[in-house]
Amino acid sequence: MLKEAAYRHLLSLLPPGRYPREGGAADGMVRMLGGVEGRLLEELFALLREAFPHQASEEALAEHAKARLIPTLAGEQPEAFRARVVHARTFWLLAGTLSGVQQGLLVAGYRAHVREHYLDDPTLWAEFSVWLWPEVTAYISDWWDDGAGSWDDGTPWDYTLGATELRRIPNLIRELKPAHAKLCGLYYTPSPYDAWDDGAAWDDGGVWSPDAIQIL
């Protein structure tokens, strides 16, 4: 398509009445030049795609990550890594803040509740805990039965946390948290966010979540 478009464009540059005879030598020359231009445009468009992390190839995305000082995390889902690279500027602007930690975890595929413990005890001014609810089902492995929280709602009831989660989540939080802050508790519940505390009756058809497990 680009080859034909380039050919038509080159013809349009010729003076009126000077179009080469179709199939002739001059027409063949214009078609050849159009083919060269079309291939160059294809290469240019491919390079442009690589210039934007949201559509770059994995190799180019890794280079974008290096330029933005975004580390790779063992076991991270490819799209979660891409999202962190795409939103790198937001991470830098919010780095070391409560909203930055929550936004960073959300982009990585988790809803999060962060509790700063100075609210309970002023002497714990640098300590905080995090509760996580994954929004990516691939983060959870070895579901039991049909993985239902209320027996039949599609959420995990009995589960085994993926081994990579145990390494990846603490590393991710360390990248996001304030330098002085200390993570003293990390809890993980594979169910919809806040389902256990929605103020509804236990048998109203909502989610009956499994207990959170403590990672840290």
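Guide: Two strands count as paired if DSSP finds at least two bridges between them. The model discussed here is predicted. In it, E127 has K182 in strand 5 as its bridge partner.

Visitor: What makes strand 2 and strand 5 a pair?

Guide: The cut-off is at least two bridges. Strand 2 and strand 5 are joined over 6 bridges, in the parallel sense, and therefore they meet the definition of a pair. One of the facing positions is S129, which stands opposite G185 in strand 5.

Visitor: How do you know that strand 1 and strand 2 pair, and in which sense?

Guide: Between strand 1 and strand 2 there are 7 bridges, and the sense is antiparallel. At least two are needed, so strand 1 and strand 2 are a pair. For H113, the bridge partner in strand 2 is W131.

Visitor: What is the order of strands in the open sheet?

Guide: The sheet has 4 strands in the order 1-2-5-6, and the pairing is mixed. Strand 1 and strand 6 (213-214) are edge strands because each has a single partner strand, which leaves one side of each without a neighbour in the sheet.

Visitor: Which helices lie on these strands?

Guide: Helix 6 (residues 98-107) lies across strand 1 and strand 2 and runs at about 160 degrees to strand 1. Helix 7 (residues 163-176) packs on the sheet and touches strand 1, strand 2 and strand 5. The direction of helix 7 makes about 140 degrees with that of strand 5.

Visitor: Why is the pair of Y110 and Y188 called edge-to-face?

Guide: The structure holds 2 aromatic pairs. In the pair of Y110 and Y188, the ring centres are 6.3 Å apart and the planes make 70 degrees. Y110 is in strand 1 (residues 110-116) and Y188 in strand 5 (residues 182-188), 78 residues apart. Y110 and Y188 are buried.

Visitor: What kind of aromatic pair do W131 and Y187 form?

Guide: The pair of W131 and Y187 is stacked, with 4.9 Å centre to centre and 15 degrees between the planes. The angle falls under 30 degrees, so the pair counts as stacked. The pair links strand 2 (residues 127-134), which holds W131, with strand 5, which holds Y187, across 56 residues.

Visitor: Where is H117, and which residues does H117 touch?

Guide: H117 is in the loop between strand 1 and strand 2. Beyond residues up to four places away in sequence, H117 touches L124, E127, F128, S129 and C184. As for strand 2, it is mostly covered: 6 of its 8 residues are buried.

Methods: Residues are numbered from 1 along each chain as its sequence is written. This is a predicted model: local features need pLDDT of at least 70, side-chain atom pairs count only at pLDDT 80 or more; totals for chains, interfaces and linings use all residues. Side-chain values use heavy atoms; hydrogens and water are left out. Rings of Phe, Tyr and Trp (its six-membered ring) pair if their centres lie within 6.5 Å; planes under 30 degrees apart count as stacked, over 60 as edge-to-face and the rest as tilted. Buried means under 20% relative accessible area, exposed over 50%, partly exposed in between (1.4 Å probe, protein chains only). Contact means heavy atoms within 4.5 Å. Axes are lines fitted to C-alpha atoms, for helices over the stretch in contact, and angles run from 0 to 180 degrees between N-to-C directions.
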